[in-house]
Amino acid sequence: STQSTWVMPTSVVLIFGFANLFANGFSMGFGEYTGGKAEVEYAKMEREREEWELENHPEGERREMIDLYTEKGMSENDATFFIETMMQYPKVFVDLMMVDELGIQPEDEDDTVPLKKGLVMAASFVSFGFVPLMAYLFETQMIAAFVISSILTLVTLGALGAVSSLLVFGSTRYTRILKGGLQMIVNGAFAAVVSYSVSYLISHTVSNTALSV
């Protein structure tokens with residue numbers, strides 16, 4: 001007997017694709033927001049603790065910071081002069097402790113940063129995720145749309161990797177920019193192979209199980 005092969009319509013791909021795109025975009029954005037909010041709350045808690053310690057145990061904080069700077073290479077006299085001068089300005093001194101002792105930057109305490117990060121993450125995810133779906137908007141043949149979508153995805157991944165390297169290393173490091181783009185393409189291609197392989201194995205296993213029943 002001849003088995004007919006069912007081919008999923010492009011409209012179904014678009015429906016599931018856009019539903020998944022916006023759901024994951026919201027999830028990624030909200031996750032970035034909640035993670036950033038937790039970091040801000042932690043930074044504020046640490047600031048309150050440092051302020052309390054400076055007010056109640058100033059000598060201990062003074063000694064701790066002097067030791068920190070002598071370990072960095074300053075002489076005892078220079079470190080003592082620097083720290084005692086900074087202690088005359090409590091807020092500045094707390095800022096100094098936050099950065100040098102805890103590694104917490106002033107922007108880590110900005111309440112507006114988590115929302116901005118969340119919005120950027122969601123917008124970036126939706127924008128880049130829309131690119132592969134463009135093929136299914138203009139091509140009704142499934143195989144052709146799949147090929148075009150794959151090409152668009154690889155190009156987008158390469159551009160994303162190149163832009164990331166450009167922002168990190170600067171416009172003069174062309175080899176690094178190219179390497180960043182290629183690394184992103186290889187990473188995306190490998191993830192796609194793993195995804196399709198797992199899907200095929202599950203589908204094949206389920207089909208064989210159903211036939212044997």
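**Helix packing and ring pairs**

What covers the buried residues of H4 includes H1, H2 and helix H3, which spans 76-86. The buried residues in H4 are Phe93, Val94, Leu96, Met97 and Met98. Before going on: this is a predicted model.

I will take the helix pairs one at a time. Two packed helices are described by the angle between their axes and the distance between the axes.

Start with H1 and H4. H1 covers residues 10-56 and H4 covers residues 90-100; their axes come within 10 Å and cross at roughly 125°. The crossing of H1 with H4 is right-handed.

Which residues in H1 and H4 meet? From H1 there are Ala43, Glu46, Arg47, Glu50, Glu51 and Leu54, and from H4 there are Pro90, Phe93, Val94, Asp95, Met97 and Met98. Sorted by class, the contact of H1 with H4 has seven nonpolar and five charged residues, and no polar ones.

Next, H2 and H3. Their axes are 9 Å apart, and the two helices pack at an angle of about 135°. H2 and H3 are therefore oblique to each other as well, and their crossing is right-handed. On the H2 side the contact has Arg62, Arg63, Met65, Ile66, Tyr69 and Thr70; on the H3 side it has Glu76, Ala79, Thr80, Phe82, Ile83 and Glu84. By class, the contact of H2 with H3 divides into six nonpolar, two polar and four charged residues.

One residue of that contact deserves a separate word. Arginine 62 sits in helix H2, residues 58-71. Is arginine 62 buried or exposed? At 17% relative accessibility, arginine 62 counts as buried, because the cut-off for buried is under 20%. Leaving aside neighbours within four places in sequence, arginine 62 is in contact with Thr80, Ile83, Glu84 and Met87.

Leucine 14 is found in helix H1 and is buried, with a relative accessible area of 15%. Not counting residues up to four places away in sequence, leucine 14 touches Leu133, Tyr136 and Leu137. The C-alpha atoms of leucine 14 and leucine 133 are separated by 6.7 Å, although these residues are 119 residues apart along the chain.

Last, the rings. The count comes to six aromatic pairs. Phenylalanine 18 and phenylalanine 22 have ring centres 6.5 Å apart and planes at 25°, so the pair is stacked. These two are four residues apart in helix H1, and thus separated by about one helical turn. Phenylalanine 18 is partly exposed, with a relative accessible area of 24%. Ring pairs also link Phe18, Phe22 and Phe130 into a cluster.

What kind of pair do the rings of phenylalanine 146 and tyrosine 196 form? Their centres are 5.9 Å apart and their planes are at 80°, so the pair is edge-to-face. Phenylalanine 146 lies in helix H6, residues 142-169, and tyrosine 196 in helix H7, residues 174-212, so the pair ties together parts that are 50 residues apart in sequence. Phenylalanine 146 counts as partly exposed, at 36% relative accessibility.

Note on methods
Residues are numbered from 1 along each chain as its sequence is written. This is a predicted model: local features need pLDDT of at least 70, side-chain atom pairs count only at pLDDT 80 or more; totals for chains, interfaces and linings use all residues. Side-chain values use heavy atoms; hydrogens and water are left out. Axes are lines fitted to C-alpha atoms, for helices over the stretch in contact, and angles run from 0 to 180 degrees between N-to-C directions. A crossing is left-handed if the near helix is turned anticlockwise from the far one by less than a right angle, and right-handed if clockwise. Contact means heavy atoms within 4.5 Å. Ala, Val, Leu, Ile, Met, Phe, Trp, Tyr, Cys and Pro count as nonpolar, Asp, Glu, Lys and Arg as charged, and the others, Gly among them, as polar. Rings of Phe, Tyr and Trp (its six-membered ring) pair if their centres lie within 6.5 Å; planes under 30 degrees apart count as stacked, over 60 as edge-to-face and the rest as tilted. Buried means under 20% relative accessible area, exposed over 50%, partly exposed in between (1.4 Å probe, protein chains only). Angles under 35 degrees count as roughly parallel, over 145 as roughly antiparallel, 65 to 115 as roughly perpendicular and the rest as oblique.
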